[in-house]
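Here is a short report for a reader new to this structure. Take a look at the sequence and the model before reading on.

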Amino acid sequence: MDSAAKAMYNELIGQTFAVLGMAIAKLSLGTFLLRIVVKQWHRISIWISMISLFIVSVMTAFVLWFQRYPSQSVYDPRVPGRTVIQVTPFSVLLGCWCAAVDFYFALLPWIFIWNLNMKFKEKMSIAISLSLGFLACICGIIRTIDLGGLASSNYTGNPLLNLFRPYTSLIPNVLLF
């Protein structure tokens, strides 16, 4: 494997971790929310959000590696191959779903927090810190809009946004512990 193919291979590994990392960040936040919600419909909606996002993430990671046949042609331009499935619709689906789950997880605490047996200051602290998920939602929307540029031959992306987005999902978890 030459250095360009190795670099593309390592890029695919990094993209796989990024795709799955988004789901793991939401699983972490969803697990925290499951510990403090009291109503059954809250629990069900959180589980549906976590499981569906995990399924979409795994599906996108799978498509990322097997979008071409043979799969080596994804990262090695010397290997002839044909496109089996386009990855961009799956990437856009994942971006939209992540943004929707971010929005829901940021909004949900404002619905149930007032019925908890806690001091007002603690309620506000939890609600505001979990509302930082709106930042992740905004980053997700921007990133999803930018995904249309992946088909361009001059796609450079926004590495700062790509680094910032997963951490905006984890910030509420860190602040609460």
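The report below covers annotated spans, nonpolar cores and aromatic pairs.

## Model and annotated spans

This is a predicted model. An unreviewed UniProt entry lists residues 12–34, 46–67, 87–114 and 126–145 under "transmembrane region".

Two of these spans can be described further. Residues 87–114 are 89% helix and 0% strand. The end C-alpha atoms of residues 87–114 lie 42 Å apart. Residues 126–145 are 90% helix and 0% strand. Here the end C-alpha atoms are 30 Å apart.

## Nonpolar cores

The largest nonpolar core has 25 residues. Those with the most contacts inside this core are Leu-33, Ile-36, Ile-46, Leu-94, Phe-105 and Phe-112. Four helices each supply at least two residues of the core: H1 (3–36), H2 (40–66), H3 (88–112) and H4 (120–130). Both domain 1 (3–104) and domain 2 (119–158) contribute at least three residues each.

Setting aside neighbours within four places in sequence, Phe-105 is in contact with Lys-26, Leu-29, Gly-30, Leu-33, Ile-46, Ser-49, Met-50 and Leu-130. A second, separate core has eight residues. Among them are Leu-12, Val-63, Leu-64 and Val-74.

## A link between Tyr-9 and Tyr-75

The structure holds seven aromatic pairs. One of them joins Tyr-9 and Tyr-75. Their ring centres are 4.9 Å apart. Their planes meet at 65°, over the 60 degrees that sets the edge-to-face class, so this pair is edge-to-face.

The pair links distant parts of the chain. Tyr-9 is in helix H1. Tyr-75 is in the loop between strand E1 (68–69) and strand E2 (82–83). The two residues are 66 residues apart.

Tyr-9 is partly exposed, with a relative accessible area of 30%. Tyr-75 is buried, at 11%. Tyr-9 and Tyr-75 also form one aromatic cluster with Trp-65.

## A pair within helix H2

Phe-62 and Phe-66 make another aromatic pair. Their ring centres are 4.7 Å apart, and their planes are at 40°.

Phe-62 and Phe-66 are four residues apart in helix H2, so about one helical turn separates them. Phe-62 is exposed, with a relative accessible area of 52%. Phe-66 is partly exposed, at 42%.

Technical notes
Residues numbered from 1 in each chain as written. Predicted model: local features only at pLDDT ≥ 70, side-chain atom pairs only at ≥ 80, totals over all residues. Heavy atoms only, no water. UniProt positions renumbered as here; feature names shortened; annotations may be inferred. Core = buried A, V, L, I, M, F, W, Y, C linked by side-chain atoms within 4.5 Å. Buried < 20%, exposed > 50% of the residue type's maximum accessible area, 1.4 Å probe, protein only. Domains from an automatic or database assignment. Contact = heavy atoms within 4.5 Å. Phe/Tyr/Trp six-rings, centres within 6.5 Å; stacked < 30°, edge-to-face > 60°.
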